[in-house]
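Have a look at the structure, then read on for the contacts.

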Number of protein chains: 2
Amino acid sequence: MYIHQVAAYLPAHIVTNEHFTRLNGLSHKWIIERTGIQERRKAGPDENTNTMALEATRRVLAQAPLFPQQHIDLIVGATYTPHDTIYTVAHAVQRDLDVADIPVVSVSSACSSLLNAIEIVEGYFAMGKATRALVVVSEHNTAYNNEDDTVAGHLWGDGAAALLISKERLAPTDLRMVDLITAGAGNMGKADTAVTLKPVERGIVMPHGKDVFIHACQYMARVTRNILERNQLAVTDLNWLIPHQANLRITRNVLENLGLPDDRAVSNIEYLGNTGCAGAAIALADHLDQIKVGERIVITVFGGGYSYGAMLLER
Amino acid sequence: MYIHQVAAYLPAHIVTNEHFTRLNGLSHKWIIERTGIQERRKAGPDENTNTMALEATRRVLAQAPLFPQQHIDLIVGATYTPHDTIYTVAHAVQRDLDVADIPVVSVSSACSSLLNAIEIVEGYFAMGKATRALVVVSEHNTAYNNEDDTVAGHLWGDGAAALLISKERLAPTDLRMVDLITAGAGNMGKADTAVTLKPVERGIVMPHGKDVFIHACQYMARVTRNILERNQLAVTDLNWLIPHQANLRITRNVLENLGLPDDRAVSNIEYLGNTGCAGAAIALADHLDQIKVGERIVITVFGGGYSYGAMLLER
């Protein structure tokens, strides 16, 4: 299967670190040192998870004359910050596209669900139940975030991305999906309490950030090695690494663990913060033009709860 | 693929129609006439979507010596009433089972997501990425419901079910999955507004119940016919129909449309209310012993948002 096109949507409003200095006394320097985050985006009052997904979808379709919307035969949405759990992000996209009678589902494995969504697409392709899929990943973190939370309130940003995926190659520039691994790690560490979003009780909280940090570093490095090894590749065969965009220190730790230089990682955490399951897809969208023919990319993710995964792509 | 075992969990606390008479002035007779609902269950203060799913999982595993928990290689959860969108219902089950490094994901297509979850399993089986799956469906409607809502407050109940699904037959009594159809209908009618659950703004509301009613009746009857026809079966070849348990009038309308007698449908709406995506699975669990060898069952679902589907099983 092939990723034909990717596009992102980011809300216009920028929230700088100075906002949190005023609010909570956290300095720009302190936030940068601990997270790498300089600024993040915040959805407008008329925006939400569903509207951002629609914008990303319109953009990706505008870039893809070979993938007309009426050919879409599967929609998988992903978010842990739902606008509506009944009229889900995938259903909102279906309505906007007006494509009838195709499988439509929304998923969550927190920040790792980009890869879960793509693996579900892989399953539909394997069954012969679909050949052209739209995956939308969208997070409205600021709808659930408590800005006053000095532990994690400054981490989160909003954004969305959409990917067009086809069973057969449509263009020479398509990214071939060589391999994909996803897994839950709900049985590990403090997965049940470390970072949670309980809509009824409260929003996003991260009382055990250190546990998340340690597991994110370990799992993203390990699964990246695994996917390379089982495809007879060495770390040196990798041209680009797109990790989940949670924290620049996690990204650097994963690079160091793998023995990769800093410039091999694609990063948007500096100006977007943690955009959840959308982060790696936004990074792929932004980096797409810089990937040369023959180059290999690994997207590796880690999500609260916990979950992890890796996808090996080749242009 | 085969459904090996199914089990349900229902909270102990019963909420009768008299509760809503006291609260909102709705009479027992009025509620029964419009919905068929006599009572429903309400989760206790220490219960939630995740704990109910754990209970259903423990029960189904206790019934299934041929399907030990360490053989589970895929967990798919479904709910539109999440306790936690990060530590999702599927991750909670993974933690309880302590099964490491297997795909784990939670999904929502509202009340229809039992079949979406099973179709995702079908995909993993087709890819060769799994052979023994656990599907858990769990709804904590009362966590999001507004009891004072005279339109829909009396409809919802809590409950969960767990299904053990294997690629190969494990026992002569396993239900063979002959065929499965799922689809979104987000582009139809008032799918975007008819019934919604926006966690940040408000809980479950159903301002356009009539639109839901009409589409539920049409889609469940149509997709049941479709799945029978494409398997060269007539409605008379069907022994049992398990529709989504939303409203007894919808069930009767679907039966009438299909030309099936009342006693062909399996129903728990009378004593459970609308238990969302868990409803049809709870009905299957309760009815399992009454399905004879050679008999055919269709489970058909309709969800807000909208979504629909049908699954043809044979014992």
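Chain B and chain A bury about 4,700 Å² between them, with 53% of that coming from carbon and sulfur atoms; buried area here is the accessible area (1.4 Å probe) that two parts lose on being put together, summed over both. Keep in mind that this is a predicted model, where local features need pLDDT of at least 70, side-chain atom pairs count only at pLDDT 80 or more, and totals for chains, interfaces and linings use all residues; side-chain values use heavy atoms, with hydrogens and water left out. Residues are numbered from 1 along each chain as its sequence is written, while chains are lettered from A and ligands numbered from 1 in the order in which they are written.

**Chain B against chain A**

- Each chain puts in 61 residues, with contact meaning heavy atoms within 4.5 Å.
- Six salt bridges turn up between chain B and chain A (a side-chain nitrogen of Lys or Arg within 4 Å of a carboxyl oxygen of Asp or Glu).
- Lys129(A) and Glu119(B) form a salt bridge at 2.6 Å, N to O.
- There are also 44 residue pairs in polar contact between chain B and chain A, both at pLDDT 80 or more. That term covers a pair of N or O atoms within 3.5 Å; within protein, one must be able to donate a hydrogen and the other to accept it, and residues adjacent in sequence count only if both atoms are side-chain atoms.
- On the side of chain B that touches chain A, H5(B) has the largest share, eight residues. Helices (H or I, at least four residues) and strands (E, at least two) are DSSP runs, numbered from the N terminus.

**A strand pair across the chains**

- Strand E5 (residues 104-108) of chain A runs antiparallel to E5(B), joined by three bridges; strands pair if DSSP finds at least two bridges between them.
- Within this pairing, Ser106(A) sits opposite Ser108(B).

**Inside chain A**

- Chain A is assigned domain 1 (2-166) and domain 2 (175-314), with bounds from an automatic or database domain assignment.
- Their centres, taken over C-alpha atoms, are 16 Å apart.
- In this contact, 47 residues of domain 1 of chain A meet 42 residues of domain 2 of chain A.
- The two domains of chain A bury about 3,600 Å² between them, 69% of it on carbon and sulfur atoms.
- Zero salt bridges are counted between these domains, but 13 residue pairs are in polar contact, both at pLDDT 80 or more.
- H5(A) gives the most to the side of domain 1 of chain A that touches domain 2 of chain A, with seven residues.
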